[in-house]
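Subject: A structure for you to look at

Hello,

I am passing on a structure that is new to you, with notes on what turned up in it. Please have a look at it first, then read on below.

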Amino acid sequence: MFGVLSVALATACSSNHRRGGEKAEAEVPFESGNLRLALSATGASGALYRLRNARFDVRQDNFGFFSTLFTENDPLSSTLEATLPVGNFFIDVFADDFSQNFSLDKVEGGTTTRVNARLVSPQSQSFSISTNQETFVGYTFETNGEVVEFGQGRLIIDLAVNERNGEPRRTVMETGLDALSGLTLRGTLDAALSNAGIGSVVGEDVYHALIDSYDQSPGRDPGLIHCDNENTNGQPSLNGFPLACPRLEGQQFDNLDSWFPLAFVNRLDLAPSDGAHCGQQRLIFANNQPIGNGRMFIIVEAQIPNPSPECGVSACRPIAEFWSSLATVADDAERGQRLTDAFLVSGTGPIGPFMNAANLGPNGGQIRTNNFNSFPWTLREFHLQAEPAVLPIPTSVAEAPNGALWNDLSGLPQGEACRQSFLESLVNLQSDNLAVLAFPVADECEDAESPNDFFRQDHATHLGSGSGDFINQIDAQVAGTGLNAFDIANRARFAGSCMGCHIESGGANLGRGVSAPFSNDFVQISEFNIQTCAGGGSCFATSDMLNNIFLPHRINVLDNFLQSDPGCSGGGGSADGGAPPPFEPGAGPLLRAAPARGPQRTLGGQPVVEHAH
């Protein structure tokens with residue numbers, strides 16, 4: 001039924017396309033291995049899929065070898081084949097028009113239909129070619145309720161198809177306006193306190209504590225914490241680092257009822273693989289009152305306790321099943337009601353309502369704010385205190401070190417210890433799958449806030465201002481990986497700095513041919529931009545970074561979890577509970593001399609941290 005397209009690659013930066021069984025005219029003057037890309041697969045439904053309008057760029061890390069393979073050279077071929085020299089390579093897949101619009105031919109019952117497909121795995125991956133050895137690279141596409149996976153290799157990449165019903169995006173995030181209607185910030189904070197059995201304060205008290213922290217003492221309420229309560233070298237500070245004080249956000253004090261919801265968010269991917277907790281469930285709210293630049297956000301990020309720790313992470317399964325069930329709920333109002341009940345009222349199965357003051361700090365979970373009223377824009381973090389204090393207090397920003405710590409001439413007292421912490425965390429920056437990068441550092445290194453000044457958390461600039469010794473230490477640790485010290489600094493900025501991920505890292509070179517993606521007008525979910533939801537209706541628009549990297553990754557994590565051994569369901573069983581391994585496609589080579597990876601990884605492949613981004 002199918003012909004075979006063979007591509008013989010004899011010299012660098014060139015390609016010879018051959019059909020059928022034709023042989024290359026030139027001898028290959030080096031040791032080589034085979035690359036075969038499978039272009040077709042049969043799904044569980046019996047339908048045959050063929051990848052169309054795609055190109056694969058194959059290159060060595062030093063560009064000593066480069067070639068491109070096109071599906072359209074022979075659209076009916078079942079494979080693309082190439083001969084590669086022995087060595088290290090990258091492979092990138094692109095739609096042939098360089099858009100994100102991939103397509104498949106679906107062949108069923110003698111009829112061929114062109115269907116849209118979305119790449120849901122890393123676009124760029126690394127691999128090595130060795131004589132007579134196979135190497136794995138995987139690509140996954142999602143289309144019309146089915147998931148198409150490219151599988152194994154030398155490089156040999158085969159297709160497999162798994163069927164999925166409904167809209168998979170609904171299993172990890174809901175931004176539909178109708179589904180969100182009726183949700184309020186006041187109701188959320190009141191429910192969190194009520195669900196924790198706290199009657200001494202109400203949601204408005206929590207809100208006032210957040211907002212008054214942007215003002216100088218005495219603020220609106222002298223009994224609350226203010227931004228000048230701590231000082232370092234005579235300047236307002238937090239954790240020993242500068243804190244802008246005061247800011248216009250303090251004028252939001254009486255605006256609790258002006259906030260509106262943007263999203264329900266499922267972060268089961270943050271659950272540790274040992275089931276220490278069940279990840280996070282988040283609510284995002286926006287405020288556009290005409291104060292300064294007229295924009296502020298609050299993100300309530302609840303860390304969900306494991307209802308049966310003896311079962312391991314399998315006890316978190318009710319969360320996965322709840323979110324998975326939403327994929328086929330077409331009615332926005334019904335979906336919204338189910339989500340509101342789970343978040344504020346009833347939870348799901350043995351897991352109580354997600355919004356609970358006990359899930360918002362100090363031992364996991366947090367409230368973050370994204371602040372635009374004053375300039376520069378900045379992000380801050382808060383933890384609710386344990387009873388009886390309860391009210392939130394400002395804390396340093398997790399995983400976001402102060403940039404000057406990268407400069408070994410800065411003279412900061414915590415500098416030497418923090419640079420050692422950075423070296424120990426380099427293992428978490430090794431993957432070319434941007435969804436699993438992270439940069440946890442020691443508490444004393446965490447900055448007071450993450451400001452948009454394009455300097456304070458520009459780690460590479462600070463690194464380059466030092467003596468060069470720290471650059472040499474990083475280069476020595478990453479030798480042989482294709483990364484250098486400045487790649488590492490840029491990756492740390494993207495993965496750890498809030499401001500880096502939101503805007504300042506957009507387009508940055510992260511090494512090994514990987515670039516940081518762009519957000520959506522700074523935020524990842526825009527309250528100003530409305531788009532059509534995947535299943536119809538109106539949704540708050542999400543960024544390309546979410547659409548192409550983070551959400552597909554989280555969907556795959558959820559699918560992998562649901563396909564794993566369900567383990568026990570309370571009252572005994574093994575500690576691992578049948579947990580799946582952390583999902584981490586596209587990982588690059590391990591960093592030299594880096595600490596070995598321990599069991600404390602999340603289901604999504606990130607390191608486990610107390611307060612996760």
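Let me begin with a term: on a 1 Å grid over the protein atoms alone, a pocket is an open set of points with protein on both sides within 12 Å along at least five of seven lines, a cavity is a set of points where a 1.4 Å probe fits but cannot get out, and lining residues have an atom within 4 Å of a point. This is a predicted model, in which local features need pLDDT of at least 70 and side-chain atom pairs count only at pLDDT 80 or more, while totals for chains, interfaces and linings use all residues. Residues are numbered from 1 along each chain as its sequence is written, and side-chain values use heavy atoms, with hydrogens and water left out.

The largest pocket

Lining the largest pocket are 34 residues, and R118, E142, E167, R169 and A534 are the ones nearest its centre. Two or more lining residues each come from β11 (111–119), β13 (139–143), β17 (173–174), α5, β28 (525–532), β29 (538–542) and α11 (544–563). Here helices (H or I, at least four residues) and strands (E, at least two) are DSSP runs, numbered from the N terminus. Helix α11 gives the largest share of this lining, five residues. The volume of the largest pocket is about 800 Å³, where volume means the space filled by probe spheres set on the grid points, which are joined across faces, edges and corners. Its lining has nine nonpolar, 16 polar and nine charged residues. In that count Ala, Val, Leu, Ile, Met, Phe, Trp, Tyr, Cys and Pro are nonpolar, Asp, Glu, Lys and Arg are charged, and the others, Gly among them, are polar.

Enclosed space

There are five cavities of 30 Å³ or more in the structure.

Helices

Helix α3 (residues 203–212) is mostly covered, with eight of its ten residues buried; buried means under 20% relative accessible area, exposed over 50%, and partly exposed in between (1.4 Å probe, protein chains only). Among the elements covering those buried residues are α2 (185–195) and β23 (296–305).

R338 sits in helix α5 (residues 332–345) and is partly exposed, with a relative accessible area of 32%. Beyond its neighbours within four places in sequence, R338 is in contact (heavy atoms within 4.5 Å) with F322, S325, L326 and V329. L326 is twelve residues away from R338 along the chain, and their C-alpha atoms are 8.6 Å apart.

S425, in helix α6 (residues 415–425), is buried at a relative accessible area of 2%. Its side chain reaches the backbone oxygen of P440 at 2.9 Å. Not counting residues up to four places away in sequence, S425 touches F439 and P440.

Three strands form an open sheet in the order β18-β19-β20, with antiparallel pairing. β18 (231–232) and β20 (241–242) stand at the edges with a single partner strand each, so one side of each has no neighbour in the sheet. Strands pair if DSSP finds at least two bridges between them, and β18 and β19 (residues 235–238) have two. T232 stands opposite Q235 in β19.

Best wishes

Conventions:
Polar contact = N/O pair within 3.5 Å; in protein donor to acceptor, adjacent residues only side chain to side chain.
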